[in-house]
Structures are given as C-alpha cells and as structure tokens.
Amino acid sequence: MSEFVTIGNTVNTASIRAWLFAKTVNEGDTLLLNAQDFEHITTEIKQSEEQIQLPLSVLGVHLVKDTKGDVPVGKVQVIRNESA
C-alpha cells in the first residue's frame, strides 16, 4: 500500500499545485485526501466562484475523498494510474 505524504502546512489547491509541480505525479493519477481536507478544498473552490468539474482534479490529477478514514488530516495518499 502507498504511504501517506505531507504536501504542505495546509492542504489546499495552491499547496497541491505546488507539490504536483515538484513531484512525479502524472495526469490520471489520484490523490486520496482526508475527508476534512477534501471538504476544505471543495469549499475553497466554491468560494472562488470557479466551476467545479467532476471528477475533481488539479493539473489532471484526480482528488478523491477518503471514505474509510485511513488518510490522516494534512496528508495525501498517491494512487498511481496503472493503465498508463
């Protein structure tokens, strides 16, 4: 199973973008986020008045809410797209 990684002090769209530029995460991969962090991001997008496109993604990397409670707050789990 993948490890959990910290992407910054706060999980938001800006920290996700910056982290994706610095790491080898490809378009089509998925970031599994803690439910609290995921809700924070969706609220941030709603307040910015940007259109929310589903599936939710940043730079082609899908953002998915962890429904099992495995991912700690402030961390993400990278799930690689194996079909590429």
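How many helices and strands does the secondary structure of the chain come to? I counted 2 helices and 5 strands. Helices (H or I, at least four residues) and strands (E, at least two) are DSSP runs, numbered from the N terminus. Along the sequence I read the pattern β-α-β-α-β-β-β.

**Ground rules**

I am working with a predicted model, in which local features need pLDDT of at least 70 and side-chain atom pairs count only at pLDDT 80 or more, while totals for chains, interfaces and linings use all residues. Residues are numbered from 1 along each chain as its sequence is written, and side-chain values use heavy atoms, with hydrogens and water left out.

**Overall shape**

I looked up the radius of gyration, which is taken over C-alpha atoms; the globule rule is 2.2 Å times the number of residues to the power 0.38. The chain has 12 Å, which agrees with a compact globule of 84 residues because such a globule would have a value near 12 Å. Along the principal axes, the C-alpha atoms fill a box of roughly 35 × 25 × 25 Å.

I then checked burial (buried is under 20% relative accessible area, exposed over 50%, partly exposed in between, with a 1.4 Å probe and protein chains only). Of the 84 residues, 37% are buried. For contacts, the cut-off is heavy atoms within 4.5 Å. Among contacts between residues at least 6 apart in sequence, 80% join residues at least 24 apart.

**The sheet**

In what order do the 5 strands form the open sheet? I noted β1-β5-β2-β4-β3, with mixed pairing. The edge strands are β1 (4-6) and β3, each pairing on one side only. Two strands pair if DSSP finds at least two bridges between them. Strands of a sheet pair through backbone hydrogen bonds, either parallel or antiparallel.

I went through the pairs next. Strand β2 (residues 30-33) runs parallel to strand β4 (residues 61-65), and 4 bridges join them. Leucine 31 has leucine 63 in β4 as its bridge partner. β2 is also joined by 4 bridges to strand β5 (residues 75-79), and these two run antiparallel. Here leucine 32 has glutamine 77 in β5 as its bridge partner.

β3 and β4 run antiparallel with 2 bridges, and serine 57 stands opposite histidine 62 in β4. These two strands form a hairpin with 2 residues between them, and leucine 59 in the turn has a positive phi of about 55°.

**Proline 72**

I found proline 72 in the loop between β4 and β5. Leaving aside neighbours within four places in sequence, proline 72 is in contact with Phe4, Asn34 and Asp37. Valine 5 is 67 residues from proline 72 in sequence, but 9.5 Å away in space, C-alpha to C-alpha.

**The largest pocket**

A pocket is found on a 1 Å grid over the protein atoms alone, as an open set of points where a 1.4 Å probe fits, with protein on both sides within 12 Å along at least five of seven lines; lining residues have an atom within 4 Å of a point. Its volume is the space filled by probe spheres set on the points. For the largest pocket I noted about 240 Å³. It is lined by 13 residues, of which Arg17, Ile45, Glu50, Gln51 and Ser57 are the closest to its centre. α1 (13-22), α2 (35-48) and β3 (57-58) each supply at least two lining residues.
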